[in-house]
Amino acid sequence: MEKFQTAPDAALDSVAPHHNPKEKLGVLMLGAIGVVYGDIGTSPLYALKESFIGPHPMNVNQLHIFGVLSLIFWSLMLIVTVKYVFVAMRADNRGEGGSFALLALMTRHLSGSKWSPILIMLGVLAASLFYGDAMLTPAISVLSAVEGLTVVEARLEPLVLPIAVIVLVGLFLIQSKGTARVGALFGPIVLIYFATLATLGIVNIATHPEIIGILNPVWAVEFFLYDPKLAFLAIGSVFLAVTGAETLYADMGHFGRKAIGISWLTLVYPCLMLNYMGQGALLLETPSAVENPFFLMAPEWARLPLVIIATLATIIASQAVISGAFSVTQQAMQLGFLPRMRTLHTSAKAVGQIYIPMINWGLLLMVLLLVLGFGQSTRLASAYGISVIGTMLITTLMLAFLIFKVWRWNRLLATLTVGLFLLVDGIYFASNITKIPDGGWVPLAVAATLFTVLTTWATGRKLMRDQLAESAMPLKVFINSASSAHRIRNTAVFMSASPDNIPSALLHNLKHNQVMHERVLIVTVRVAEIPFVDQENRLEVLNAGKGFYRVIVNYGFMDEVDIPHALAGLTNIGEPFNIMTTSFFLGRQKFIVSKDHAGMAVWREHLFAWMMKSSESAMEYFKLPVNRVVELGSQMHI
């Protein structure tokens with residue numbers, strides 16, 4: 001075969017990042033503040049309160065206040081600063097972060113290793129747990145902000161749930177419009193919010209400056225020595241201050257490691273701790289303020305504006321996690337863990353801004369069920385956290401493989417680093433397990449369901465591919481055997497899952513129509529284990545002879561798939577590619593559940609069949625023109 005264009009692995013190292021590398025650091029930092037830190041930034045609304053009046057209430061005294069705040073400070077230091085900013089964000093996959101990016105990075109380096117199946121399962125489990133976080137974050141954040149109205153006026157309590165529901169419904173309704181137009185407002189709003197956090201903290205710290213002593217880890221140790229059981233249980237609520245840390249890593253591709261790291265160290269972390277210490281100072285002065293220390297820090301005249309600012313911040317935090325759910329879903333589809341879903345791109349400039357209707361409405365339904373079912377942020381806090389710490393623990397395990405097997409750190413340094421991360425995550429995980437009877441079972445049930453869905457689809461697709469490969473005909477054999485077929489003008493494109501064999505649609509077309517086009521393009525989409533592929537490396541074209549061409553279209557797992565656009569630049573197929581003289585042939589398989597085949601359990605085969613039926617058509621997914629597509633169906637079982 002004559003090879004015209006190639007895209008060697010080395011060429012795939014050059015990818016297009018989400019952010020413009022020439023963009024000023026200050027602009028990127030402002031964007032990061034508006035998107036990345038919304039979740040962790042709204043934790044002061046409920047984290048300290050839940051530590052005292054949550055499932056395991058504590059007396060509001062100096063030891064407990066100092067002990068809890070010391071735990072919050074050092075948790076943010078060890079988990080966010082050391083683990084994520086200094087270590088995890090070094091593990092980027094061509095600039096991208098997150099569970100699937102980390103999974104793709106490691107499987108590329110450890111391809112064929114005995115650890116690969118374990119790593120894949122860990123990555124899929126982390127993604128499943130993320131969806132639990134995506135449901136709980138909007139619910140607890142918005143509800144806790146709106147509950148501030150009861151601090152302004154106790155008689156407004158009956159309006160809390162209706163207002164929270166209206167805010168959430170409105171948030172999900174505007175998702176289809178995208179965030180491109182309002183994105184510029186996110187940074188300034190959250191910047192005002194963080195300035196408010198710091199100001200309220202400083203004002204209250206002035207009344208009890210000794211609260212700064214919580215920076216000494218001795219207070220956390222004394223808390224554990226005084227009452228080990230209570231301290232251990234309190235850790236489950238203290239962990240609420242750390243939720244959102246995973247977002248720093250997941251959104252790294254949007255703003256870059258430097259912008260995220262600097263904004264955390266110079267602005268976000270200090271503002272958060274000033275606010276937490278301010279709440280602690282308030283509790284030292286007025287222990288009864290524990291019912292809602294965040295809003296009671298403010299003077300009475302400022303509480304309603306504070307409710308408005310906090311609600312806006314929680315909306316932005318929710319927007320970030322919803323967008324993250326869209327991004328994770330897109331990656332899962334590209335990597336073969338989910339069926340095709342209708343995906344809309346809401347910005348012509350920002351490649352990461354997408355909208356997936358099925359995910360949007362599914363999340364809205366679950367968020368509303370959580371808000372109406374639990375009714376209060378305090379009760380929701382019992383469900384919140386376990387999915388987040390589960391994801392963090394998995395990230396630590398995957399980082400351990402990376403540190404030992406890929407980066408090959410000094411063994412002593414690697415052991416100490418990983419050991420510290422596992423110790424901290426393990427303690428928080430153990431404490432959060434105690435929340436399962438109080439609502440923690442909800443995100444676990446969601447994660448288990450999604451893990452089943454993801455693995456069922458991946459397994460079913462693999463079994464289907466294997467079966468199709470068994471009956472497939474090699475390209476060279478087909479060309480020789482079909483040389484006498486009548487040829488007609490123009491170009492035919494046959495989509496094929498395998499780059500080596502003839503697609504079933506081509507065989508069926510020849511069998512039933514007994515003709516072949518003058519030019520036959522057998523097109524295979526290949527998703528690389530990198531986020532993006534440059535346009536110049538998009539295509540590989542092989543001339544197989546007698547008018548047959550093998551075309552491989554390379555995409556990254558965050559690229560938008562558009563076959564006509566990709567093929568538009570083809571000039572070496574006899575004549576330039578012309579969409580108006582091209583017919584696209586697709587094979588559509590109808591899956592038949594059978595008890596006689598032991599590919600999967602029967603109930604999983606039924607689930608797989610339903611997923612196939614519900615998936616978006618290949619024509620829409622590949623963005624093929626409706627009037628140029630011919631579908632040829634067949635039945636199969638696995």
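**A strand residue, a helix pair and a helix residue**

His517 belongs to strand 5, which spans residues 515–528; helices (H or I, at least four residues) and strands (E, at least two) are DSSP runs numbered from the N terminus. The model is predicted, so local features need pLDDT of at least 70 and side-chain atom pairs count only at pLDDT 80 or more, while totals for chains, interfaces and linings use all residues. Residues are numbered from 1 along each chain as its sequence is written, and side-chain values use heavy atoms, with hydrogens and water left out.

With a relative accessibility of 11%, His517 is buried (under 20% relative accessible area, with exposed over 50% and partly exposed in between; 1.4 Å probe, protein chains only). Apart from neighbours within four places in sequence, His517 has contacts with Arg487, Ile488, Arg489, Asn490, Thr491, Ala492, Ser583 and Phe585, a contact being heavy atoms within 4.5 Å.

Helix 4 (residues 62–87) packs against helix 20 (residues 411–433) at about 130°, the axes lying 11 Å apart. Axes are lines fitted to C-alpha atoms, for helices over the stretch in contact, and angles run from 0 to 180 degrees between N-to-C directions. Helix 4 is therefore oblique to helix 20, because angles under 35 degrees count as roughly parallel, over 145 as roughly antiparallel, 65 to 115 as roughly perpendicular and the rest as oblique. From helix 4, Leu71, Ser75, Leu78, Ile79, Val82, Lys83 and Val87 meet Leu420, Phe421, Val424, Asp425 and Tyr428 of helix 20.

Ser128, in helix 6 (residues 116–146), is buried at a relative accessible area of 0%. Beyond neighbours within four places in sequence, Ser128 contacts Ala447, Leu450, Phe451 and Leu454.
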